[in-house]
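Visitor: Please give me a close look at one side-chain pairing in this model, with every cut-off spelled out. After that, I would like to know how the rest of the fold is put together.

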Amino acid sequence: MKKIIFLIVIIALSPLVSAFGATAPYWKEKPLILAQGETKTFPIMLQNMVGEKDITLKAELISGKEIAALEDPDKSYLVSFGKKDVPINLKIQIPENDEIGKNYTIAIFFKQISESKEEMLQVSVGISSSFPVIVGKNSQSKSTFSPNTLSNASVPPSSANPIKKIIFLLIIF
């Protein structure tokens, strides 16, 4: 009986499928290395390639707040279906007297904002993206990131950039 109910719930929720991604220019195997006192601003690119619906996302910095900040933390981002280049700018600033070799982890959580508040059942999806920042003697931030490199890549950005993803369902009655 429980299996039948579970199956019915899964089938009922299947039309609500939507997916989005966040692509960062840095990840675990390719950390951002900045020198003491250095500042770097770069985009985290949002994409919406599945689901045939536009989505609205909200970003929240969940770790690394001592050196990182979203340029517009209160903004909601509309990611139209088929778009893969909606930027959220992130600013990283290393203190002048920071210890060389110190590691930070920057993590950003992206939550889908529900468009309708009239429904009894609402499903919300979220992902997190994280990457390390290392304080180095010399900056290696000369490596550049451009949204154009994503479209020229032979591997899709979601698989070329191993982003730690967390998917959750929030059910509100």
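**A charged pair and its setting**

Guide: Happy to start there: D98 and K102 meet through their side chains in a salt bridge, with N and O 3.9 Å apart. The term covers a side-chain nitrogen of Lys or Arg within 4 Å of a carboxyl oxygen of Asp or Glu. Everything here comes from a predicted model, in which local features need pLDDT of at least 70 and side-chain atom pairs count only at pLDDT 80 or more, while totals for chains, interfaces and linings use all residues. Residues are numbered from 1 along each chain as its sequence is written, and side-chain values use heavy atoms, with hydrogens and water left out.

Buried stands for under 20% relative accessible area, exposed for over 50%, and partly exposed for what lies in between (1.4 Å probe, protein chains only). Searching the whole structure gives two salt bridges. One of them joins D85 to K83, where the closest N and O atoms are 3.7 Å apart. Here D85 is partly exposed at 37%, and K83 is also partly exposed at 37%.

The protein chain contains three helices and nine strands, following the pattern α-β-β-β-β-β-β-β-β-β-α-α along the sequence. These elements are DSSP runs numbered from the N terminus, with at least four residues of H or I for a helix and at least two of E for a strand. Of its 173 residues, 38% are buried. Among contacts (heavy atoms within 4.5 Å) between residues at least 6 apart in sequence, 76% join residues at least 24 apart.

On its other pairing, β4 runs antiparallel to β6 through four bridges, and K58 stands opposite S76 in β6. The faces of β6 can be told apart: Y77 and V79 lie on the covered face, S76 and L78 on the uncovered one.

The other sheet has four strands in the order β1-β3-β7-β5, with antiparallel pairing. Its edge strands, β1 and β5 (68-70), each pair on one side only. Neighbouring strands are turned by 25 degrees against each other on average, with direction ignored. Four bridges join β1 to the antiparallel β3, and A19 has V50 in β3 as its bridge partner.

Aromatic rings come next. Rings of Phe, Tyr and Trp (its six-membered ring) pair if their centres lie within 6.5 Å, with planes under 30 degrees apart counted as stacked, over 60 as edge-to-face and the rest as tilted. There are three such pairs. One of them, Y26 with F42, is edge-to-face, at 5.2 Å centre to centre and 75 degrees between the planes. Y26 sits in the loop between β1 (19-23) and β2, and F42 in β3 (residues 39-50), 16 residues apart. Both Y26 and F42 are buried. Y26 also pairs with F131, and this pair is tilted because the centres are 6.0 Å apart and the planes stand at 40 degrees. Since F131 lies in β9 (residues 126-136), this pair ties the loop between β1 and β2 to a part 105 residues away in sequence. F131 is buried, like Y26. Together, Y26, F42 and F131 make one aromatic cluster.

F131 leads on to the largest nonpolar core, which has 32 residues: L90, I92, F110 and F131 touch the most other members. Such a core is a set of buried Ala, Val, Leu, Ile, Met, Phe, Trp, Tyr and Cys residues joined through side-chain atoms within 4.5 Å. Beyond its neighbours within four places in sequence, I92 is in contact with several residues, including L32, L34, F42, I67, I106 and V133.

Note on methods
Pairing = 2+ DSSP bridges. Axes fitted to C-alpha atoms, helices over the stretch in contact; angles between N-to-C directions.
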